[in-house]
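Morning, everyone. Please have a look at the structure on the screen, and then I'll walk you through it.

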Amino acid sequence: MIIITDTGSGRVHITAPTERHSTGEVLLRLVNSASKQAVEVTLDVQEDSGYCIDGYVTLDALTGGQYTYLLTDTGGTLGKGLAQVGLRRPQAVVYQTQVNTKVYER
């Protein structure tokens, strides 16, 4: 899973899980789960530990929400999964129910 906290435009640090090593530039494709809108950006790999890569991408303003991602290089697929863009505080939900009072007399 990738978590991108900043939804504005600019350079953003990303750590992504991978299945193998990679260097240089890789392609990150994000698809919004609700609108199915796709965004492709180039990820500059700064560090590769074998199971994840660290790098920077330059994002245009992304809509916050859940995305699926596909990370590829010239050798094929590096990783895929879910990405969360923008963090939001959880909201408390209060449900109103109807109360039917039944009175039994003797």
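Setting aside neighbours within four places in sequence, Val85 is in contact with Ile4, Thr7, Leu62, Thr63, Gly64, Gly65 and Tyr67. Keep in mind that this is a predicted model. Where does Val85 sit? Val85 is in strand E7. Is Val85 buried or exposed? Val85 has a relative accessible area of 0%, so it counts as buried. Val85 and Asn32 are 53 residues apart in sequence, and their C-alpha atoms are 9.6 Å apart in space.

Two of those contacts are also strand partners. Take Ile4 to begin with. Ile4 stands opposite Val85 in E7. Strand E1, residues 2-4, is joined to E7 by three bridges, and the two run parallel. Now Gly65. The bridge partner of Gly65 in E7 is Val85. E6 and E7 are joined by nine bridges and run antiparallel. They form a hairpin, with two residues between them.

Next, the other strands. E3 and E4 run antiparallel, joined by seven bridges. Which residue in E4 does Leu27 stand opposite? Thr42 is the one facing Leu27. E3 and E4 form a hairpin with five residues between them. In that turn, Lys36 has a positive phi of about 65°.

On to E4 and E5. They pair in the antiparallel sense over four bridges. Asp44 stands opposite Tyr56 in E5. This is a hairpin as well, with three residues between the strands. Gly50 in the turn has a positive phi of about 100°.

Stay with Asp44 for a moment, and bring in Gly24. Gly24 lies in the loop between E2 and E3. Its relative accessibility is 40%, so Gly24 counts as partly exposed. Gly24 and Asp44 are 20 residues apart along the chain, with their C-alpha atoms separated by 6.1 Å. What does Gly24 touch? Not counting residues up to four places away in sequence, Gly24 touches Leu43, Asp44 and Val45.

Now the inside. How many residues are in the largest nonpolar core? That core has 21 residues. Those with the most contacts inside it are Ile2, Ile4, Ile14, Leu28, Leu30, Val57 and Leu71. Which strands supply this core? E1, E2, E3, E4, E5 (52-59), E6 and E7 each supply at least two of its residues.

Leaving out residues up to four places away in sequence, Leu30 touches Ile4, Gln37, Ala38, Val39, Leu62, Tyr67, Thr68, Tyr69 and Ala83. Ile4 comes up again in that list.

How many salt bridges does a search of the whole structure find? The search finds two.

Here is one of them. Asp73 forms a salt bridge with Arg20, with the closest N and O atoms 2.7 Å apart. Asp73 lies in strand E6 (residues 65-73), and Arg20 lies in the loop between strand E2 (10-17) and strand E3 (25-32), so this pair ties together parts that are 53 residues apart in sequence. How covered are the two partners? Asp73 is at 18% relative accessibility, so it counts as buried. Arg20 is at 29%, so it counts as partly exposed.

Then the other pair. Arg29 forms a salt bridge with Glu40, and the closest N and O atoms are 2.9 Å apart. Arg29 is in strand E3 and Glu40 is in strand E4 (residues 38-48), so the pair ties together parts 11 residues apart in sequence. Arg29, at 32% relative accessibility, counts as partly exposed. Glu40, at 47%, counts as partly exposed.

Last stop, the surface. Which residues make the nonpolar surface patch of about 420 Å²? They are Met1, Ile3, Leu82 and Leu87. Look at Leu87. It lies in the segment after strand E7 (76-85). At 58% relative accessibility, Leu87 counts as exposed.

Key
Residues numbered from 1 in each chain as written. Predicted model: local features only at pLDDT ≥ 70, side-chain atom pairs only at ≥ 80, totals over all residues. Heavy atoms only, no water. Salt bridge = Lys/Arg side-chain N within 4 Å of Asp/Glu carboxyl O. Buried < 20%, exposed > 50% of the residue type's maximum accessible area, 1.4 Å probe, protein only. Patch = residues over 30% accessible without salt bridge, like charges linked within 9 Å, V, L, I, M, F, W, Y side chains within 5 Å. Areas by Shrake-Rupley, 256 points an atom, 1.4 Å probe, with all protein chains shown as cover. Pairing = 2+ DSSP bridges. Core = buried A, V, L, I, M, F, W, Y, C linked by side-chain atoms within 4.5 Å. Contact = heavy atoms within 4.5 Å.
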